[in-house]
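Let's take a look inside a protein together. Have the sequence and the 3D view open as you read.

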Amino acid sequence: MKNYIHSHEAVIEEVSPGIRRQILGYDTNLMLVRVQFAADAVSAAHSHPHQQVTYVEKGAFEVTIGDEKQLLRRGDCFILPSGIQHGARCLEEGVLIDTFSPAREDFLK
């Protein structure tokens with residue numbers, strides 16, 4: 001585990017068409033991830049056992065949590081309890097900053 005992370009040194013990986021993920025820091029209890037989206041990229045509906053808070057750093061997103069959809073723009077955020085179905089569609093090129101608790105071990109494989 002590193003105490004300081006320089007973003008230019010953190011690996012960026014393409015996780016699906018138009019979506020790139022950069023893990024910025026983590027320990028067993030917490031993880032911070034920057035996710036870059038091309039316009040029209042879709043994060044398919046999914047769920048996971050982790051709690052999540054996401055901040056919209058750039059762009060506009062249509063975010064679905066359960067059966068509810070909201071338009072979120074720069075400066076907005078959303079909170080996800082463990083196990084809830086969610087997804088997002090990027091309306092214009094954007095960046096989300098995700099925090100997870102505990103860390104997403106599946107991202108580290």
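Start with Cys90: its sulfur lies 17 Å from the closest cysteine sulfur, the one in Cys77, and that's too far for a bond. Keep in mind that this is a predicted model. A disulfide is a covalent bond between the sulfur atoms of two cysteines. To count as one here, the two sulfurs must sit within 2.5 Å of each other. Searching the whole structure turns up zero disulfides, and Cys77 is in none, with Cys90 holding the nearest cysteine sulfur.

How do these cysteines, and a threonine we'll meet next, compare with the surface in mind?

| Residue | Relative accessibility | Counts as |
|---|---|---|
| Cys77 | 46% | partly exposed |
| Cys90 | 0% | buried |
| Thr54 | 0% | buried |

Now for that threonine. Thr54 sits in strand β5, and its side chain makes a 2.8 Å polar contact with the side chain of Gln52. Looking beyond residues up to four places away in sequence, Thr54 touches Asp76, Cys77, Phe78, Leu96, Ile97 and Asp98.

What about the largest nonpolar core? This core has 19 residues, and those touching the most other members are Met31, Val33, Phe37, Phe61, Val63 and Phe107. Strands giving two or more residues to this core include β3 (31-37), β5 (51-65) and β8 (86-101).

Leaving aside neighbours within four places in sequence, Val33 is in contact with several residues, among them Ile23, Leu24, Leu96, Phe100 and Phe107.

Methods
Residues are numbered from 1 along each chain as its sequence is written. This is a predicted model: local features need pLDDT of at least 70, side-chain atom pairs count only at pLDDT 80 or more; totals for chains, interfaces and linings use all residues. Side-chain values use heavy atoms; hydrogens and water are left out. A nonpolar core is a set of buried Ala, Val, Leu, Ile, Met, Phe, Trp, Tyr and Cys residues joined through side-chain atoms within 4.5 Å. Buried means under 20% relative accessible area, exposed over 50%, partly exposed in between (1.4 Å probe, protein chains only). Helices (H or I, at least four residues) and strands (E, at least two) are DSSP runs, numbered from the N terminus. Contact means heavy atoms within 4.5 Å. A polar contact is a pair of N or O atoms within 3.5 Å; within protein, one must be able to donate a hydrogen and the other to accept it, and residues adjacent in sequence count only if both atoms are side-chain atoms.
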